[in-house]
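Here is a short briefing on a model for you to explore. Have a look at the sequence and the fold, and then read on.

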2 protein chains.
Amino acid sequence: MAYELYYWPSIQGRGEFVRLALEEAGAEYVDIARRTGGVAAMQRLMEDARAAQPPFAPPFLKDGDVLIGQTANILLYLGRRHGLAPREETGRLWAHQLQLTIADVVDEAHDAHHPIASSLYYEDQKAEARRRAGDFIANRIPKYLGYFERVLERNLRGERHLIGRRVSYCDLSLFQLVAGLRYAFPRAMSRLEPHFVRIIALHDRIATRPRIAAYLKSARRIPFNEQGVFRHYPELDAAN
Amino acid sequence: MAYELYYWPSIQGRGEFVRLALEEAGAEYVDIARRTGGVAAMQRLMEDARAAQPPFAPPFLKDGDVLIGQTANILLYLGRRHGLAPREETGRLWAHQLQLTIADVVDEAHDAHHPIASSLYYEDQKAEARRRAGDFIANRIPKYLGYFERVLERNLRGERHLIGRRVSYCDLSLFQLVAGLRYAFPRAMSRLEPHFVRIIALHDRIATRPRIAAYLKSARRIPFNEQGVFRHYPELDAAN
């Protein structure tokens, strides 16, 4: 039976990390909210008063009777089923730890344009966003990318992957993180990238994996835009 | 062999969610950084250039050769070993999903006093903090607590626990969330609490569990303070 992915239909957002894993796995899935009436179906499911295990927010994944929320949790589940993470517990937890750290950067990338409140327009927190994005670019991106660069460098099985010698959902997520940061902060990233050659090489390799390459060219890949997590506001991409 | 917990010695912070699970489990553990020279030991471990799987930040837990980072990931590991989460996969993922949602609120509680940058003093982002805390109190706390209240209400095994009929690490974490929010925003919480009677009842029950009660009275429980995640700045606890 096909997986059902529930996520906002017009953005990559956090759902994209799940989409990439499903695509790399060659898994059958339906991106529910992108079908006619799909957003309403998603909202019905979230508000279903009979649901004993309601998700807090999209994305969530339905696999038959199982409903799983929280991006990293979904990947923990999929990784095990599709060989996208180590099998044994220690490796599985290491993969999950990396994914949670990627999730932390993603949260901060979001807050770079919405430092005060998600419920307010960007325009209503633009001054604050400028300050926060400045710190994100100057301190946080280098700190996080420095970390992932070290993890690649120290992988005992070689620096082509974050974990072992096979692709994992963490590699896919790191690809997406780089793609998102490049979209949002092109000037900052072009200055930073020379310091993170292993990460950039990984990004480029992931983009050429047959299923990922096919996905990226397809209409299933929603373009980046200014409703998602990664937003390009030139005034936030300052040369600081 | 005793677990080794690595976390900042002067705050509850994110490490407290791990401490509570270890205490409830009656597990032997050493809170490394609280011993003489412990912070240096923690930093050496983080900066160890030979470490193949370095943690990004505290807390992390050492169990023999296994080193696990990210709070929710540590709880995933401990939950399984100490009966603090359901055994089968679906229940385990549900517990983890709830924990990740608690982690999200905790991040937001932190950003309520540091909306611009962790690297800046609170005093340097006070105006922004006032705006963000206002939204946190008006919109986010009610949204999150409303969610956990529903989860309690819908638990098929009764509303005494978030999951099934036994205590899980999620219950301990929800206790800590309430304790932290009460410390940081006493006025806001006294107004909100009547809407979340199941959560408050759970908080009160957890506080009286023998091991938790003993822990809370002990010197091992660090008092809340203005270096941690939950900080009491009266000007942020506005009557809005």
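In chain A, A:L61 faces A:I68, a residue of strand 4. This is a predicted model, in which local features need pLDDT of at least 70, side-chain atom pairs count only at pLDDT 80 or more, and totals for chains, interfaces and linings use all residues. Residues are numbered from 1 along each chain as its sequence is written, while chains are lettered from A and ligands numbered from 1 in the order in which they are written.

**The sheet of chain A**
- Strand 3 (residues 60–63) and strand 4 of chain A pair in the antiparallel sense over 4 bridges; pairing requires at least two DSSP bridges between two strands.
- Helices (H or I, at least four residues) and strands (E, at least two) are DSSP runs, numbered from the N terminus.
- The open sheet has 4 strands in the order 2-1-3-4, with mixed pairing.
- Strand 2 (29–31) and strand 4 (66–69) of chain A each have a single partner strand, so one side of each edge strand lacks a neighbour in the sheet.
- From one strand to the next, the twist averages 20° (axes are lines fitted to C-alpha atoms, for helices over the stretch in contact; angles run from 0 to 180 degrees between N-to-C directions).

**The helix on the sheet**
- Helix 1 (residues 15–25) of chain A packs on the sheet and touches strand 1 (3–6), strand 2 and strand 3 of chain A (contact means C-beta atoms, placed from the backbone, within 7 Å).
- The direction of helix 1 makes about 160° with that of strand 1 of chain A.

**Where the chains meet**
- Contacts link 33 residues of chain B with 33 residues of chain A.
- Helix 4 of chain B gives the largest share of chain B's side, 9 residues.

Terms used. Two residues are in contact if their C-beta atoms, placed from the backbone, lie within 7 Å.
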